Amino acid sequence: MAKARTDLMQGTLELLILKTLSRDSMHGYGIAQRIHEAAEDLLKIEDGSLYPALYRMEERGWITSEWDVSENNRRAKFYKLTKAGRKQLEAESANWNRVSQAISRILQTA
């Protein structure tokens, strides 16, 4: 049976990017692939969503970027989490846990 892809709730893409970059610096395509694999193909991150989010996060100081050569010998922009980004990851993770618990409770009682 084919797995259905799920659209992301507003704001969750940044949380997923922060979590992905908490392990290692990566280029945009690598970030999308890592999220896709970790979600077992249930989520797909489109370029039209990913790159604007990366630019916003860089403007906010949560990530930095630098040009380097990718594993397939192409020039790519690599993104890395900053100290402010780590703090944001903690805050967004805590908020996600509160929201998901609340939603679970509502769904169980409804």
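Contacts between residues 24 or more positions apart make up 55% of the contacts in the protein with a separation of 6 or more. That figure, like everything that follows, comes from a predicted model. The protein has 110 residues, of which 30% count as buried, and its C-alpha trace spans about 50 × 40 × 20 Å along the principal axes. Four helices and three strands make up the secondary structure, and from the N terminus on they run α-β-α-α-β-β-α.

Let us go inside. The largest nonpolar core holds 19 residues, and those touching the most other members are Ile17, Leu21, Ile31, Leu50, Leu54 and Ile63. Two or more residues come from each of α1, α2, α3 and β3, and α1 gives the largest share, with five residues. Leaving aside neighbours within four places in sequence, isoleucine 63 is in contact with Leu21, Leu54, Met57, Glu58, Tyr79, Lys80, Leu81 and Thr82.

Helix α1 also holds threonine 20. Is this residue, threonine 20, buried or exposed? Threonine 20 is buried, because its relative accessible area of 9% is under the 20% cut-off. Where does the side chain of threonine 20 reach? It meets the backbone oxygen of leucine 16 at 2.7 Å. Beyond neighbours within four places in sequence, the contacts of threonine 20 are Met26, Ile31, Arg34 and Ile35.

Ile31 and Ile35 bring us to helix α2, where both are buried, along with Gly28, Gly30, Ala32 and His36. The buried residues of α2 pack against α1, β1 (26-27), α3 and β3.

The backbone does something worth a look as α2 ends. Most residues other than glycine have a negative phi. Just after α2, however, glutamate 40 takes a positive phi of about 55 degrees, although glutamate 40 is not a glycine. Aspartate 41 also has a positive phi, near 70 degrees, and is a residue other than glycine. Glutamate 40 lies in the loop between α2 (28-38) and α3 (47-59), and aspartate 41 lies in the loop between α2 and α3 too. Aspartate 41, with a relative accessible area of 36%, is partly exposed.

Now for the aromatic side chains. How many aromatic pairs are there? The count comes to zero. A ring does take part in another kind of arrangement, though: arginine 75 lies over the face of tryptophan 67, at 4.4 Å from the ring centre.

The walk ends at helix α4, which covers residues 83-109. Gly85, Leu89 and Glu92 are buried in α4. An α-helix has 3.6 residues a turn, so residues three or four places apart point the same way. The buried residues of α4 pack against α1 (12-21) and β3 (75-81).

How values were computed: Residues are numbered from 1 along each chain as its sequence is written. This is a predicted model: local features need pLDDT of at least 70, side-chain atom pairs count only at pLDDT 80 or more; totals for chains, interfaces and linings use all residues. Side-chain values use heavy atoms; hydrogens and water are left out. The expected span of a helix is 1.5 Å times one less than its number of residues. Buried means under 20% relative accessible area, exposed over 50%, partly exposed in between (1.4 Å probe, protein chains only). Contact means heavy atoms within 4.5 Å. A polar contact is a pair of N or O atoms within 3.5 Å; within protein, one must be able to donate a hydrogen and the other to accept it, and residues adjacent in sequence count only if both atoms are side-chain atoms. Rings of Phe, Tyr and Trp (its six-membered ring) pair if their centres lie within 6.5 Å; planes under 30 degrees apart count as stacked, over 60 as edge-to-face and the rest as tilted. A charge sits over a ring if NZ of Lys or CZ of Arg is within 6 Å of the ring centre and within 35 degrees of the ring normal. A nonpolar core is a set of buried Ala, Val, Leu, Ile, Met, Phe, Trp, Tyr and Cys residues joined through side-chain atoms within 4.5 Å.
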